[in-house]
Amino acid sequence: MIPAILGKTLRDRRRAVMGFGLGIVALAVWLGVMFTVMRESDDFSEFMNNLPAGLLSAFGIDSATFLSAAGFLSSYLFTLFAPLFVLFFVINAAANEVMAEERDGLIDMVLSSPVTRTRVFLEKTAGVALAALALVAVLTVSLLVVDPIFDLSLSVNGVLAAGLSLWLLGVVFAALALVAGTFTGRSVMAGGVAGSLAFLTWFVSGFSDLYPPLETFDRASPFTWYQEPDPLTNGIGPGQLWLAATAAVLITVATLMFRRRDLSTERTLPAATRITRLARKRRGRSVRAAWLLTGSFRKTVWDRRRSVWGWGGGLGLLTLVLFSVWPTIASDAEALSGLITSLPREVFAMFGMSDPAAIVTPAGFVSSRTYQAIGPILIIMFVVRGVSMALVKEESDGAFDLALSVPSSRKGVIAAKATGVAFSTGLVIVVVTAAAVFGNLAWETDLDAGRILAAGAGLGLLGLFFGGLTMVAWAFGGPSFPAARITAVVAMATFLLNGLGSLTDALEAARVISPFYWYFGDAPPLAKGFEPAYFLLLAGALAMGSAAVMRIDRRDIAT
Amino acid sequence: MSRAIETSGLTKYYGDTPGILDLDLAVEVGEVFGFIGPNGAGKTTTIRLLLDFLKPSAGSGSIFGLDIERDSPAIRGRVGYLPGDLALYPSMTGREFLLYFSRLRGIDTAAVTKRLAERFELDLDRQIKEYSKGNRQKVGVLNAFMHEPELLILDEPTGGLDPLMQQEFAELLTEVRAEGRTVFLSSHYLPEVERVADRVGIVRQGRLIDVDTLSGFRSKVQANLSIKFGSPVDPARFASIEGVTVIDLLDGGTLLRLSIAGSQKPVIEAASSLDVITVTSEEADLDEVFLSYYGSDTGADPAG
């Protein structure tokens, strides 16, 4: 029989495993198709051999192996998307399963039974690790299924080795989240620390070829161990051993810490004491908080403050890096444009770039990442998360009853919260835009400042559009309706629709309904000014937001 | 035989905020012990120390002779706990929740659970998030009682229960005591404790102030006397008697209210020389006793 806590942990994760698994299978199939398309282009293979390796690594491409399916999948699937999926899943699982249970006081219940803390902790950790293993297994199996269909000639050993390495990478970051969590006792810290470290080490590992100062740290990054010695081609090696050892050490540290700690003291301490302590720590904070906590709008902004820094900082940093590597790329611009023309357009379309030639301009290059790929993903996640926390979750937690017990209209309260989310989105955009303006000046890319502002505005509006969608789904579906998940699906579908619509005539007409089309169109956002289509995003966001407010005003509030 | 609960010098600081200070507590097997004090007095801190959720800053404790830190899992096998700030898994049904916890305990509790659910009129097949506050509390009660533990540690147990269910709960505790089991009942609400407790400990600002039986506390209280006179009297005459405090003088100086510690004889004698109409004695009110213990000092509150 499966031990109770382990069983519950797995049960709690099953939906997430299925959701992430579905996404990862779709990704594997999609990349299989892309590779087949690419392989059939002859110019392309000829060209690849003449390109400088450092240049390509900025795009996550290893020129030596890119032409084989294994190389292609290593580049796209295993260095970028798969770790993103798995780490998101695993960090979230670790933070929730162990740390959030402490935050919610549930750990008191669990530990009032005759089980040791060690057992509770290890069963939960094992549960998270096994759930991650299930997710990785989904990917591995789907690759093995896709292999004969697209004639990828992957080696079974290689696929298994890559899966193992990916799983170990996930376990390392789960363990990091647990260490951070048990050290601070807070789930926010668990997720925040592990997430930041994941981003940082991924960055170090991915950009060290281009950016020599990073090379010093390259060996310390789990992402470097993870790709060593390119498991998909070469099987497992010392890198995986390093990952396993690191995970074991971290889990041991976290377990020891968990055994010794006072549990959920934040709950035991009365509010008054906490505030005095905070006030002592950071003088004047209570006054500022008092100012910010005087209304639904301000409270929403206040609640989002850490996210604003986290997400804005991450995206801003990425933007700066893109500007900083541009000079290197520009020096090889000719080679690059050759590569671009040799690549099938589908490859670019799937990253939202319908005009591949634009990528050899600074505007196109920076846009391709900040405004067309990672930026939209992050900003949409930020907004949808904001709506979920400020509205959906408050309703399902019953906090709405209190928020609405004040003498202001329900519409007013909801609108104020939504505006709060929108405002904090604006703050993220301000951070990103500031980074772009600074990067533009520092590396003399000569972009038009107005267009930088316009691209930022478009990005923000794109986020708000999907925030509006989440609100509508929530308002009409109720608090238990998966509003955020539906938004994610719609976002992915319309993103693909835009990309594929630029290629196939059949989808060309349908493309105009994609919000991503309104934003990207056929030119990188940084290369154009404020487009009339941006108003469409704004109008959509406002219309959906208002519809949601109207609907909420009339429906029962869940208890 | 070991005591049910025994602590010596048990102390917990949160940073430099005191939670509970130098607690010496002795709860005998088979008694219902009320642990009462205002919010933030240190009650929950004490309980969470006993269950090893918090590590003591100083001192030690034992439950059934087992060390609260070293032997905690063994202790928890013999204890039923109902937290004051009850948290449950919202997406489980009541039955799933109780099944999960009985599996953690490694025992089959189905029969007891069924009986208790019927007794407290709880539908176990609904999701916990659909339960009312009272029904959630019942799930907590069932979880604490389902394995028929030797010691029950209950933190504000009747919160959210309606009066009928509170009555049912009090009866349950009486039965538990009749079976020779022990109850440690923490509350800031006197009637909850008064109904069932054999002995009561009062805690305030992190310190255990006094432990006594309820009748012991009653006898410590000062009696109040109201004397109605036919004509106005001089209160100074009574105020000078030892142990007497004049509360007030009403009805144009004809109704005198006194509080008396100790013998009432000198007061009766003094009054009898005057134009007495009636003498009324007010029964000692337990609330007032405890309020006097809670005191008016509301300085820095230690943690609860």
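1. Helices here are DSSP runs of H or I with at least four residues, and strands are runs of E with at least two. On that basis chain A of this predicted model has 28 helices and zero strands.

2. Of the 559 residues in chain A, 48% are buried. Among the contacts in chain A with a separation of 6 or more, 74% are between residues 24 or more positions apart.

3. The largest nonpolar core holds 142 residues, and within this core Ala132(A) and Ala174(A) touch the most other members. Helix 4 of chain A, residues 69–103, supplies the largest share of this core, namely 19 residues. Leaving aside residues up to four places away in sequence, Ala132(A) touches Val86(A), Phe89(A), Val90(A), Trp167(A), Gly170(A), Val171(A) and also Ala174(A).

4. In chain B, the axes of helix 3 (residues 94–105) and helix 5 (residues 133–145) come within 10 Å and cross at roughly 25°. Because angles under 35 degrees count as roughly parallel, helix 3 of chain B and helix 5 of chain B are described as roughly parallel to each other. The crossing of helix 3 of chain B past helix 5 of chain B is right-handed.

5. On the side of helix 3 of chain B, this contact is made by Gly94(B), Phe97(B), Leu98(B) and Phe101(B), while helix 5 of chain B contributes Val139(B), Leu142(B) and Asn143(B). Sorted by class, the contact of helix 3 of chain B with helix 5 of chain B comprises five nonpolar and two polar residues, with no charged residues.

Key. Residues numbered from 1 in each chain as written. Chains lettered and ligands numbered in written order. Predicted model: local features only at pLDDT ≥ 70, side-chain atom pairs only at ≥ 80, totals over all residues. Axes fitted to C-alpha atoms, helices over the stretch in contact; angles between N-to-C directions. Parallel < 35°, antiparallel > 145°, perpendicular 65-115°, else oblique. Left-handed = near helix turned anticlockwise from the far one by under 90°. Contact = placed C-beta atoms within 7 Å. Nonpolar A, V, L, I, M, F, W, Y, C, P; charged D, E, K, R; others polar. Core = buried A, V, L, I, M, F, W, Y, C linked by C-beta atoms within 7 Å. Buried ≥ 20, exposed ≤ 12 C-beta atoms within 10 Å, placed from the backbone.
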